[in-house]
Amino acid sequence: GFHDGKPFLHSHMAAVLPELQNQKIGRMLKLAQREEALARGIRLIEWTFDPLELRNAHFNIVRLGAVMERFIPNCYGVTQSPLHSGLPTDRLVADWRLDSERVRQILDGNAIDSSDGAVRISVPSDIGEWKSKDQARAKQVQAEIREQFLRWFGQQYAVTGLERAGAVTNYVLDPPSALLAGSHGKA
């Protein structure tokens, strides 16, 4: 597709079979996708993911350097798929700016600190278990974080980090001033 006349690739799904996970295959797939896109002059790959899937969030943000500035409430509607646990299919849109300084730094193994003005959206670290065992509780958490993402994105904040802090995992959102400063994602 195109954003403002510039080509981008939308990656609908890249997945690794459960028995082959934790062998760095997913990262190798995404890096191959990155190389192919860059060779074709494509500088942006985007995809969506469930903000309650914290393992995916960690991979997308911490391991790849993607940033999120958009949230789609109930993107696919409520489905019968076991993947969705009967919850609305809220999605964050990951923007992977392939040749940005941020992505290069993260792919080189360097962490990028959040700014002083960063805010956090907390998700219980055991939300995956809640989705299967306490759907009402998971739905309540989902509604609360949906509201927070929409509020902060409405103020031009962007997800630039993820922190595990005991019983919660925090999405770290930087303000527009930090994003314009360069290292967090707009470049």
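In which helix is the place of Arg146? Arg146 is placed in helix α5, which covers residues 135-154; helices (H or I, at least four residues) and strands (E, at least two) are DSSP runs, numbered from the N terminus. The model is predicted, so that local features need pLDDT of at least 70 and side-chain atom pairs count only at pLDDT 80 or more, whereas totals for chains, interfaces and linings use all residues. Residues are numbered from 1 along each chain as its sequence is written, and side-chain values use heavy atoms, with hydrogens and water left out.

With a relative accessibility of 19%, Arg146 counts as buried, where buried means under 20% relative accessible area, exposed over 50% and partly exposed in between (1.4 Å probe, protein chains only). Apart from its neighbours within four places in sequence, Arg146 is in contact (heavy atoms within 4.5 Å) with Phe71, Pro73, Pro88 and Asp90. Arg91, in strand β6 (residues 91-97), is also buried, at a relative accessible area of 8%. Between Arg91 and Pro73, 18 residues apart in sequence, the C-alpha to C-alpha distance is 6.4 Å.

Five aromatic pairs are found in a search of the whole structure; rings of Phe, Tyr and Trp (its six-membered ring) pair if their centres lie within 6.5 Å, and planes under 30 degrees apart count as stacked, over 60 as edge-to-face and the rest as tilted. One of these pairs is formed edge-to-face by Trp47 and Trp96, at 5.8 Å centre to centre and with 75 degrees between the planes. Because Trp47 belongs to strand β4 and Trp96 to strand β6, this pair ties together parts that are 49 residues apart in sequence, and both Trp47 and Trp96 are buried. Phe149 and Tyr171 likewise form an edge-to-face pair, with 5.2 Å centre to centre and 80 degrees between the planes. Phe149 lies in helix α5 and Tyr171 in strand β9 (residues 168-174), so that parts 22 residues apart in sequence are tied together by the pair.

The charged end of Lys30 sits over the ring of Trp47, 3.9 Å from its centre, while that of Arg137 sits over the ring of Trp130, 3.6 Å from its centre.

How values were computed:
A charge sits over a ring if NZ of Lys or CZ of Arg is within 6 Å of the ring centre and within 35 degrees of the ring normal.
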